[in-house]
Amino acid sequence: MKKAVTVKFEEEELKTLDERAKRANMSRSDYIRYMIAGDSVQVIDKSREFYQSLHNILEEVKEIESTHKTDYSTIREEVLKACLILNV
């Protein structure tokens, strides 16, 4: 069962917390939970550029598949999974 906890932050601390949570694509609460648990939080500042790169890779894989009649579904699935993880 989750229980509410009240924590007071300085304005600058709260701003930093919110910026880091946003870069991690997490809610404030989730970000704090991950930090407390000692889990590393992956932050990709250029997630849109990374997504575009993954999209380009996916298009190239599709082109190779159609030209060479070879199945690269595993690569395709991993690229799609990475796109979903980025949530962009």
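**Overview. The chain is built from four helices and zero strands.** From the N terminus on, its elements run α-α-α-α, where helices (H or I, at least four residues) and strands (E, at least two) are DSSP runs numbered from the N terminus. Of the 88 residues, 16% count as buried, which means under 20% relative accessible area, while exposed means over 50% and partly exposed lies in between (1.4 Å probe, protein chains only).

**View 1. Glu 10 lies in the segment before helix H1 (11-23).** Glu 10 counts as exposed because its relative accessibility is 57%.

**View 2. Asn 25 sits in the loop between H1 and helix H2 (28-37).** Although Asn 25 is not a glycine, it has a positive phi of about 60 degrees. Most residues other than glycine have a negative phi. With a relative accessible area of 46%, Asn 25 is partly exposed.

**View 3. Glu 65 belongs to helix H3 (residues 47-68).** Glu 65 counts as buried, because its relative accessibility is 14%. A polar atom of the Glu 65 side chain lies 2.8 Å from the backbone nitrogen of Tyr 72.

**Notes.** Residues are numbered from 1 along each chain as its sequence is written, and side-chain values use heavy atoms, with hydrogens and water left out. Because the model is predicted, local features need pLDDT of at least 70 and side-chain atom pairs count only at pLDDT 80 or more, whereas totals for chains, interfaces and linings use all residues.

Technical notes:
A polar contact is a pair of N or O atoms within 3.5 Å; within protein, one must be able to donate a hydrogen and the other to accept it, and residues adjacent in sequence count only if both atoms are side-chain atoms.
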